[in-house]
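Subject: A structure for you to explore

Hi there,

Here is the structure I promised to pass on to you. Have a look at it first, and then read on for what turned up.

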Amino acid sequence: MTRSTEHAIIVDHLSKRYGDLLAVDDVSFAVNTGEVFAFLGPNGAGKSTTVEIIETIRRPTSGTVTLLGMNIATNKAEVVRRIGVLPQGFSSFDRITVRETLSFYASVFRSLPDINALMDLTDLRAKANAQFKTLSGGLKQRVGIAAALVNDPDIVFLDEPTTGLDPHARRQVWQVLKGLKARGKTIFLTTHSMEEAEALADTVAIISKGRIVAIGSPARLTEKHTEQMRLTLKPGDAAVLDLVRRMGFSPTRTIDDGIAVSVPAADDVRAILAAIREAGLPPPLGLDVRKPNLEEVYLKLTGEQLAQTGQGGVQ
Amino acid sequence: MTPRITAAMLVVRVRSLYREPSALFFTFAFPIILVLVFGTIFTRPEHLNFELPVQDNSGSEASAMLLKALTTDNAFTIIPIPPDADPRLYARENKRNLLLVIPKDFQVLHNERALKLDGTASVPVTYVFDPSSTSLGTKLQLLNTIVAAANQRYSGTAAFITLKPVSILASTYRFIEFFVPGIIAMAIMTSSLSSALNMNAELKQKGILRKLAATPITRTDWLVSSILYQLILSVISTVAILLVSYFVFNVRLNIGTWLPLIVVVEVIAFVGIGMTLTPLAREAESASAVSNAVLFPMMFLSGTFFPVEMMPGFLQTFARFLPLYYVNEALRASMIFADCAGTLWSVAILAAFAAVAFVAGTVLTRWGE
């Protein structure tokens, strides 16, 4: 297999400048054919700009993108026929029904998809004759995904497909994406959600301040960038905090008034609990020991403040 | 350009319109309302009638003759006011902008002049007026004409100079006939420019243009579908205006081959201008402000509501750089004067505007950046 066929997308030294702002700074990476590639990064990190360059919507200041073996700068017409795009916050014509919307995009691509099958795949058949403006956020996203598939694309770009959706709607979208992966589609997923990336992605790239700071499988990134376990004790008694500090650790208060402390080994957890007992302090009512996850990798690499969305994601 | 894509977009636009009843209503109702309002005002100048309060302190046969002259041809309707009322106070309190005061000695002075006892005798009839009123000029003009005719009669000689009207037109046209082509031009301009601008801004704000940018749709497809859509609206509104004008005001104009051509060229010009202005309207909310800033000056400076000749010289020169001026000229030349050469000249200049606007609209439409 040649490099161009094993890689659906090759981004090579890509940069994009807006006046004095360098939005994308010498970014290079490759996406394997048939994988789910998740692109993570805080707002303003250059995620959407990078993706929109790959989608041919924006032009790079420098660098090249090879998509399905074609340079996108010289093959835009062919490239757009072979990709499907769900833009961030997908919207469509308010008064047009779901079926009409999909037929419109099919006409644009000169493709003859089975609209009913597409609606079945995205669980939209019951809403076929509903106007777009009457749909809920989750249904609109699913229309966007279906619209991205009308031309049976080789690569599907999904920009934050579950942002703003309730947990049930998110799971439904995830099922659709898993179905696409099973059909051999390459999926380029831009997301804020660590949970989503861990659940779906084969490869994760983290972008910060316009540069790729880490790339690899979620497991490999977690293994490579974090060594310690995270112990959380509740309630966060001041005497316990002082005791743990005197043991040589660096505990911090959590937002729900607990104590969080990073420890290198399971023996350290046992040592802390024993010290609390020996000091005669009240035993913790809540105890949580977690292995490091992608979210901690993300935090460590981007230094961005987390704001829990209730979806295991960041805003 | 791909006809299939253009047709698909056209279908989406037409469906969106007929499923939005309020948009459908106002698209066609606005020009018809204008025709009805202005038609009602301008088709009945012969019934122009003003109320004129008069304080007749003379109460004589002579003053009665003057009052009769004022009501001739239904020019004024006399409103008598009490002799003891203060005329200025009365005018202010009753919101009257012109009031006439006939002096007590009107009959005496009339007799002196009429019986040639004193050939130089004259009588001051006072008029109290509100200079801030816009209709005052017309009323005074009418009053002066009636007073001049009365003086002519007192002089006892026939008028030396009389005016004889000869129209350059074969038929007699009323103002409404001149006005209707202007309304057609304005309706097409408003719809084409603001709709192109508003729709682009709305789709940009919603992110739909970003989705379209990642499809085989080209900017030319987009512009052509906008033009075809506006053409459909323009044909319907033009037919509606002409039908209402004909059935309500009996307006008869030359509807030849020029009219469809002018409509097509005007739509291309103003959709192109709308697309060109899109980069200035970053959000749907600012699109209305941008379109109004262009539409209103153009509407008033291009001879739609009043002749360009009424404006100061520099504005008349400025008007000749506005595309709507040439639409008005072309429509009036073809629909009223049946002047082929004049129509051709205006259409040629309009076509040049349209070509530039089309190219600029295509080049300046930015979907991704």
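Let's begin with a pair to find on screen: which side chain does Glu100(A) meet in a salt bridge? The partner is Arg15(B), with 3.5 Å from N to O. This pair crosses between the chains, running from helix 4 of chain A, where Glu100(A) sits, to helix 1 of chain B, where Arg15(B) sits. Side chains of opposite charge can pair when their charged atoms come close. Please keep in mind that this is a predicted model.

**Where the two chains meet**

A second salt bridge to look for joins the side chains of Arg95(A) and Glu20(B), at 3.0 Å from N to O.

The size of an interface is often given as the accessible area lost when the parts come together. Here the area buried between chain A and chain B is about 2600 Å², and carbon and sulfur atoms give 59% of that area.

**The pockets**

Next, the open spaces. Rolling a probe the size of a water molecule over the atoms shows where empty space is left.

The largest pocket holds about 1100 Å³ of space. Its lining has 39 residues, and the closest to the centre are Ala23(B), Thr27(B), Ser194(B), Ser195(B) and Asn198(B). Among the elements of chain B that give two or more residues to this lining are helix 2 (21-42) and helix 11 (284-301). Helix 7 of chain B gives the largest share, 12 residues. By class, the lining of the largest pocket divides into 19 nonpolar, 13 polar and 7 charged residues.

The second largest pocket has about 820 Å³ of space. Of the 35 residues that line the second largest pocket, Thr56(A), Ile57(A), Arg59(A), Lys76(A) and Ala213(B) lie nearest its centre. Both chains take part: strand 4 (62-67) and helix 3 of chain A, along with helix 1, helix 8 (208-213) and helix 9 of chain B, each supply at least two lining residues. The largest share of that lining, 4 residues, belongs to helix 3 of chain A. The lining of the second largest pocket has 16 nonpolar, 10 charged and 9 polar residues.

**A closed space**

Which residues line the largest cavity? They are Phe93(A) and Phe104(A) from one chain, with Met9(B), Val12(B), Arg13(B), Met199(B) and Trp222(B) from the other. The volume of this cavity is about 30 Å³, and the count of cavities of 30 Å³ or more is 1. Helix 1 of chain B gives the most to the cavity lining, with 3 residues. By class, the cavity lining has 6 nonpolar residues, 1 charged residue and no polar ones.

Enjoy exploring it!

Best wishes

Note on methods: Residues numbered from 1 in each chain as written. Chains lettered and ligands numbered in written order. Predicted model: local features only at pLDDT ≥ 70, side-chain atom pairs only at ≥ 80, totals over all residues. Heavy atoms only, no water. Buried area = accessible area lost by both parts, 1.4 Å probe. Salt bridge = Lys/Arg side-chain N within 4 Å of Asp/Glu carboxyl O. 1 Å grid on protein atoms, 1.4 Å probe; cavity = no way out; pocket = protein on both sides within 12 Å on 5 of 7 lines; lining within 4 Å. Points joined across faces, edges and corners; volume = space filled by probe spheres on them. Nonpolar A, V, L, I, M, F, W, Y, C, P; charged D, E, K, R; others polar.
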